[in-house]
Amino acid sequence: MNVIYVDELFFLNALTDYLLLLSCARLRGKALRRGRFAAAAALGGAYAVFAAIPPLSFLLSLAVKALVSLLMAWIAFGAPPELWRGWGCFLALSSAFAGAVYGISLLSGAEGRGTVSGAPLKTLVLSFGLCYAAVRLFFGRFLRRRERCIVEARIELCGKAAVVRALRDTGNALFDPLSGSRILLAEPVSLGSLFSPPLAFPLPDDPAACFRALSSHPVLSRRLRLVGFSAVGTKRGLLVCFRPDSVTVEGTEEPYLVAFSPTPLGDGEYAALV
């Protein structure tokens, strides 16, 4: 008779679900909402525990599995359209991972242990690594194509809003080391509707002068910060950033700082990078 320990079953499945959700976000170039991922993973772990109880075996039905996975995706990724995209990615990655666990278990001679709860840790780690590498390899072209995806970003500040066309650049690794928030880089002229009186300051290629000039602005005075960055041709630079009330990208509100770009972006095709 197999003995199943509730704590091991919960934490193993929760950890697996968390890593799968985290991988989905990384593969799709989305913000890493670790708190939401942890909550969704906890639901997955609890489901695994209840589904292992014999009187509740109906929980193993395909319909219930689909419903639970949809609820997990909603917790992790939010409302549509991100819900459907995140759910599809989660199902695809989960299926690939489960298949890898089963295949490696059979190849190792552990018949009947082709499940997450029955597989040894070494098998799980190897399966997850192979699964992630395969998805990255086969979907690499699709992911690179997303790097040129133009989206709308809505920035709100003190009751005012600016909608800018932004390039979703998965190579953009800018973030604020203090808060962990990602940084949206925008041309100053594209943000004009946010400020009254209008901004009047030196070009952002002189960050110190720009910061001093903006420090006296009634809206920005307590929202400014300087963030260091490096890029091609710039080993050490500074970006002048401000904290908006909210930033919504493709209908999903995400934690961003907004930085004034020191150079033009996109030649009119787009005015920001996310």
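Guide: One term comes before the rest: buried means under 20% relative accessible area, exposed means over 50%, and partly exposed lies in between. Please also keep in mind that this is a predicted model.

Visitor: Is Val249 buried or exposed?
Guide: Val249 is found in strand 6, residues 246-249. The cut-off for burial is under 20% relative accessible area. Val249 has a relative accessible area of 0%, so Val249 is buried.

Visitor: How many residues apart in sequence are Val249 and Ala153?
Guide: Val249 touches Val151, Glu152, Ala153, Arg168, Glu254, Tyr256 and Val274, leaving aside residues up to four places away in sequence. Take Ala153 from that list. C-alpha to C-alpha, Val249 and Ala153 are 4.6 Å apart in space; in sequence they are 96 residues apart.

Visitor: What percentage of the protein's residues is buried?
Guide: The protein has 7 helices and 9 strands. Among contacts with a separation of 6 or more, residues 24 or more positions apart account for 59%. Of the 274 residues, the buried share is 43%.

Visitor: What span should helix 2 have, and how far apart are its end C-alpha atoms?
Guide: Helix 2 covers residues 34-51, which is 18 residues.

Visitor: Which helices do the buried residues of helix 2 pack against?
Guide: The buried residues of helix 2 include Phe37, Ala40, Gly44 and Tyr47. Ala41, Gly45, Ala48, Val49 and Ala51 are also buried there. Their packing partners are helix 1 (6-27) and helix 3 (62-77).

Visitor: Is helix 1 oblique or roughly antiparallel to helix 2?
Guide: Helix 1 and helix 2 pack with their axes 7 Å apart, at an angle of about 140°. Roughly antiparallel needs an angle over 145 degrees, so helix 1 counts as oblique to helix 2.

Visitor: Is the crossing of helix 1 and helix 2 left-handed or right-handed?
Guide: Residues on the helix 1 side include Leu9, Phe10, Tyr18 and Leu22. Among those they meet in helix 2 are Phe37, Ala41, Gly45 and Val49. The crossing is right-handed.

Visitor: Is helix 2 oblique or roughly antiparallel to helix 3?
Guide: The axes of helix 2 and helix 3 come within 7 Å and cross at roughly 160°. The cut-off is 145 degrees, so helix 2 is roughly antiparallel to helix 3.

Visitor: Which residues of helix 2 meet helix 3?
Guide: This crossing is right-handed. The helix 3 side includes Val68, Leu71, Met72 and Trp74. On the helix 2 side are Arg36, Phe37, Ala39, Ala40, Leu43, Gly44 and Tyr47.

Visitor: Rings next. Is the pair of Phe10 and Phe11 stacked or edge-to-face?
Guide: Rings pair if their centres lie within 6.5 Å. By this rule the count comes to 4 aromatic pairs. Phe10 and Phe11 are 5.2 Å centre to centre, with 80° between the planes; the pair is edge-to-face.

Visitor: Which relative accessibility does Phe11 have?
Guide: Phe10 has a relative accessible area of 23%, so Phe10 is partly exposed. Phe11 counts as exposed because its relative accessibility is 56%.

Visitor: What kind of pair do Phe242 and Phe260 form?
Guide: Their ring centres are 5.5 Å apart and their planes lie at 40°, so the pair is tilted. Phe242 lies in strand 5 and Phe260 in strand 8, so the pair ties together parts 18 residues apart in sequence. Both residues are buried. The answer is a tilted pair.

Visitor: Where is Cys158 found?
Guide: Most residues other than glycine have a negative phi. Cys158 has a positive phi of about 55° although it is not a glycine. Its relative accessible area of 46% makes Cys158 partly exposed. Cys158 is found in the loop between strand 1 (149-157) and strand 2.

Visitor: Which residues does Val219 touch?
Guide: Val219 has its place in the loop between helix 7 (207-214) and strand 4 (224-231). Not counting residues up to four places away in sequence, Val219 touches Leu157 and Cys158.

Note on methods
Residues numbered from 1 in each chain as written. Predicted model: local features only at pLDDT ≥ 70, side-chain atom pairs only at ≥ 80, totals over all residues. Heavy atoms only, no water. Helix = DSSP H or I, 4+ residues; strand = E, 2+ residues; numbered from the N terminus. Expected span 1.5 Å × (residues − 1). Buried < 20%, exposed > 50% of the residue type's maximum accessible area, 1.4 Å probe, protein only. Contact = heavy atoms within 4.5 Å. Phe/Tyr/Trp six-rings, centres within 6.5 Å; stacked < 30°, edge-to-face > 60°. Axes fitted to C-alpha atoms, helices over the stretch in contact; angles between N-to-C directions. Parallel < 35°, antiparallel > 145°, perpendicular 65-115°, else oblique. Left-handed = near helix turned anticlockwise from the far one by under 90°.
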